[in-house]
Amino acid sequence: MSSSDEQAGISAPAESPTAMRRVLPEDMVERGRCPFDPPPGLAARRGAGAVQPLPLLNGARSWLVTGFDEARSVLADQRFSSDRMRYRDATQLQPGEVAEAAPPTGAAQPREDGMFVFMDPPEHTRLRRLLTGQFTVRRMKALESRITEIAVEHVEAMRAAGTEADLVPAYALPLPSLVICEMLGVDYADRAEFQENTATSLNVTSSDEERAIAGAALYEFIQRLVADKRAHPADDMLSGLVHDADPPLTDAQVVDMALVLLGAGHETTANMLGLGTFALLENPDQLAALRADPGLIDAAVEELLRYLSIIQLGVTRVATEDVTLGGVDIPAGSTVVLATPEANRDPRSWAEPDRLDLRRARTPHLAFGHGVHQCLGQQLARIEMRVGFAELFGRLPGLRLAVPAEEVPLRNDMLIFGVHSLPVTWA
């Protein structure tokens with residue numbers, strides 16, 4: 001779950017991430033020659049101000065935030081709203097909607113859905129609090145032995161099958177998928193169904209009809225699961241949401257919350273494992289340092305999170321009143337787009353920000369967001385990456401790419417960046 005919790009809301013009816021993709025210039029959302037660097041259009045804006053105007057292709061105007069401090073300020077400031085049902089996000093508008101009347105004031109009926117990722121306090125607070133106990137540092141550490149067991153099992157299966165593998169389906173995807181399935185109480189045998197529909201939802205080349213069909217299938221899948229938990233509770237997170245919430249949640253709210261958790265629980269960490277392995281293989285000096293000093297693993301995870309920033313587009317907020325940010329006046333109703341890949345390389349916060357340096361002093365980054373929407377599963381994601389990289393490189397000392405780096409297929413067509421496959425060998 002290496003993202004803030006709103007970045008994981010892949011099936012949220014309140015916002016379409018693909019709509020955001022359509023209104024941004026292509027050079028701002030597709031990586032260039034180096035697969036690990038921010039999109040060239042973002043990099044070209046470096047030095048033009050930490051907060052700058054961003055004209056959108058739908059004719060609307062928004063504000064781009066590329067500065068690290070400014071992005072953190074937005075994420076911590078409740079004058080910037082996450083609620084897409086009450087405030088109009090300019091990235092979601094069709095061209096004909098841009099010139100319409102002023103955005104709503106936020107006064108509306110209480111929310112009855114469970115998409116807490118697109119809510120503001122106190123509604124967000126109540127639903128998120130139901131989950132925080134499941135993701136404590138103590139509980140995540142207790143899972144570490146099981147995560148190690150899963151990692152070892154899959155590396156050994158790769159070795160038993162020969163000397164080559166596609167790391168994504170063989171290792172990077174199943175490791176976090178198994179973990180989140182066990183936590184939620186999802187039968188891992190059903191993984192193909194939810195993984196395929198999740199991928200369709202996240203693919204920007206999917207048609208609106210394809211995404212609608214995939215979203216409906218995901219919703220129905222979780223509905224069946226929630227109904228089963230209501231009839232046959234077990235010791236898992238979904239059963240707890242169904243039976244233990246006070247006041248009780250509706251089935252629809254539980255389904256919404258489960259959609260976020262299931263999607264975030266396998267897509268984000270899987271892509272960090274795949275892309276992170278690619279980055280280390282392409283930076284042999286850094287990989288050599290990690291092999292020579294396994295104690296670097298925690299620093300390596302944090303540096304990879306900062307350096308790769310797999311959430312392509314960052315997140316958006318809507319100003320609910322006039323706000324001055326980084327010396328720039330942001331009018332009420334304005335949409336701000338937080339460019340996470342660029343904010344995580346702000347030269348004011350990091351020396352040589354475009355260089356992968358596992359020995360870099362640990363400092364805060366925005367891979368997990370910030371503020372009230374900071375990623376719930378960040379400790380789980382850290383353990384999965386720490387164990388995942390350690391077991392992979394420890395058990396396959398000769399690991400290397402099986403194809404030239406330029407032939408590795410990148411996920412430029414997906415909302416969460418990474419690699420579609422990573423052919424490796426260890427012979």
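This is a walk through the structure in your viewer, one selection at a time.

Before you click anything, note that the model is predicted, with local features needing pLDDT of at least 70 and side-chain atom pairs counting only at pLDDT 80 or more, while totals for chains, interfaces and linings use all residues. Residues are numbered from 1 along each chain as its sequence is written, and side-chain values use heavy atoms, with hydrogens and water left out.

**Stop 1: the five-strand sheet**

Switch to cartoon and pick out the open sheet that runs β1-β2-β8-β5-β3, with mixed pairing. Strands here are DSSP runs of E, at least two residues, and helices are runs of H or I, at least four residues, both numbered from the N terminus. Two strands pair if DSSP finds at least two bridges between them. The edges are β1 (51-55) and β3, each of which pairs on one side only.

Five bridges hold β1 to β2 (residues 61-65) in the antiparallel sense, and if you select Leu54 you'll see Ser62 of β2 opposite.

Now go to β5, residues 315-319. On one flank, β5 is joined to β8 (residues 335-338) by four bridges, antiparallel; select Thr316 and its bridge partner in β8, Val337. Strand β3 (residues 80-81) is also antiparallel to β5, with two bridges, and Phe80 has Ala319 as its bridge partner in β5.

Are the two faces of β5 covered or open? Both are covered: Val315, Arg317 and Ala319 on one side, and Thr316 and Val318 on the other, are all buried. Buried means under 20% relative accessible area, exposed means over 50%, and partly exposed is in between (1.4 Å probe, protein chains only). In a regular strand, side chains alternate between the two faces of the sheet.

**Stop 2: the three-strand sheet**

Next, find the open sheet with the order β4-β10-β9 and antiparallel pairing. Its edge strands are β4 (164-166) and β9 (400-401). Two bridges link β9 to β10 (residues 423-425); show Leu401 and its bridge partner in β10, Val424.

**Stop 3**

**Stop 4: salt bridges**

The structure holds 31 salt bridges, each a side-chain nitrogen of Lys or Arg within 4 Å of a carboxyl oxygen of Asp or Glu.

- Arg345 and Asp37 meet at 2.7 Å, N to O. This pair links distant parts of the chain, 308 residues apart: Arg345 is in the loop between α14 (340-343) and α15 (378-395), and Asp37 in the loop between α1 (17-22) and α2 (40-44). Arg345 counts as buried because its relative accessibility is 0%, while Asp37, at 24%, counts as partly exposed.
- Arg84 and Asp89 meet at 3.0 Å, N to O. Arg84 has 10% relative accessibility and so counts as buried; Asp89 is also buried, at 3%.
- Arg230 and Asp251 meet at 2.6 Å, N to O. Arg230 lies in helix α9 (residues 208-231) and Asp251 in helix α11, so the pair ties together parts 21 residues apart in sequence. Arg230 is partly exposed at 35% relative accessibility, and Asp251 is partly exposed at 33%.

For a group view, select Asp37, Arg46, Glu342, Arg345 and Asp354 together: salt bridges that share partners join them into one network.

**Stop 5: a cavity**

On a 1 Å grid over the protein atoms alone, a cavity is a set of points where a 1.4 Å probe fits but cannot get out, and lining residues have an atom within 4 Å of a point.

To see its lining, select Ala299, Glu302, Glu303, Arg306, Trp350, Arg360, Ala361, Arg362, Thr363, Pro364 and His365. Colour by class and you get four nonpolar, two polar and five charged residues. For that colouring, Ala, Val, Leu, Ile, Met, Phe, Trp, Tyr, Cys and Pro are nonpolar, Asp, Glu, Lys and Arg are charged, and the others, Gly among them, are polar.

Key
On a 1 Å grid over the protein atoms alone, a cavity is a set of points where a 1.4 Å probe fits but cannot get out, and a pocket is an open set with protein on both sides within 12 Å along at least five of seven lines; lining residues have an atom within 4 Å of a point.
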